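The entries below follow the order in which I looked things up.

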Amino acid sequence: MRTTAETETAAATADEAPVRFDTKIAVLLRDDLEPWQRLNVTAFLVSGLGTAAPEVIGEPYEDADGTPYLSMIRQPVLVFEGTKETMGAAHKRALSRSLPRAVFTSDLFTTGNDRDNRAAVRAVPTDQLDLVGLLVHGPRNAVDKVLKGARMHP
């Protein structure tokens, strides 16, 4: 039987062990975007994940003074880039694997609200979307296969 000290040591060691997630969150950006567009697209794409997959959201934050902060995604978000062709291929692979995904099309740079954003995407057939950003979430190996041909964002 373990003593209290042994149990506490084992728990502390488990808390300090590196965390390896079974899933991966990845954003793929088209490589011809301006810096402000890359940031904007990434923020929009990631914002949808918490409602579709609430398990990716961690606990709220608090500083040493007790000031509360919002919860954030609990695992890294990896950002990749690729050509227009890479985007299209990744989108097709994400669809074929039925992975949770979010899209950002070039049309969304000209709209100013959520209603118009959704209408702009709805107006274009799947295979004709002018994708500039794609978020994919799912098992690590499936996401890796979707991102084949993409490279880590510098």
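Predicted model: local features only at pLDDT ≥ 70, side-chain atom pairs only at ≥ 80, totals over all residues.

Entry 1, surface. I looked up the accessible surface of the protein chain, which comes to about 9800 Å², and noted that 55% of this area belongs to carbon and sulfur atoms. The areas come from the Shrake-Rupley method with a 1.4 Å probe, and for residues only the protein chains shown count as cover.

Residues are numbered from 1 along each chain as its sequence is written, and side-chain values use heavy atoms, with hydrogens and water left out.

Of the contacts (heavy atoms within 4.5 Å) with a separation of 6 or more, 75% are between residues 24 or more positions apart.

I compared the mean positions of the 18 positive and 21 negative charges and found them 11 Å apart. Lys and Arg count as positive, Asp and Glu as negative, and His and the chain ends are not counted; the places used are NZ of Lys, CZ of Arg, CG of Asp and CD of Glu.

I recorded six helices and seven strands, taken as DSSP runs numbered from the N terminus (helices: H or I, at least four residues; strands: E, at least two). From the N terminus on, the order is α-β-α-α-β-β-β-α-β-α-β-α-β. The radius of gyration, over C-alpha atoms, is 19 Å, well over the 15 Å of the globule rule (2.2 Å times the number of residues to the power 0.38) for 154 residues, so the protein chain is more spread out than a compact globule. The C-alpha trace spans about 65 × 35 × 30 Å along its principal axes.

I traced an open sheet of five strands with the order 5-6-1-4-7 and mixed pairing, where two strands pair if DSSP finds at least two bridges between them. Strand 5 (101-105) and strand 7 (151-152) are the edge strands, each pairing on one side only. Strand 1 (residues 23-30) pairs with strand 6 (residues 131-139) in the antiparallel sense over seven bridges, and L28 has L134 as its bridge partner. Strand 1 also pairs with strand 4 (residues 77-82), in the parallel sense over six bridges; here R30 is partnered by G82. Strand 4 and strand 7 are antiparallel over two bridges, with E81 opposite R151.
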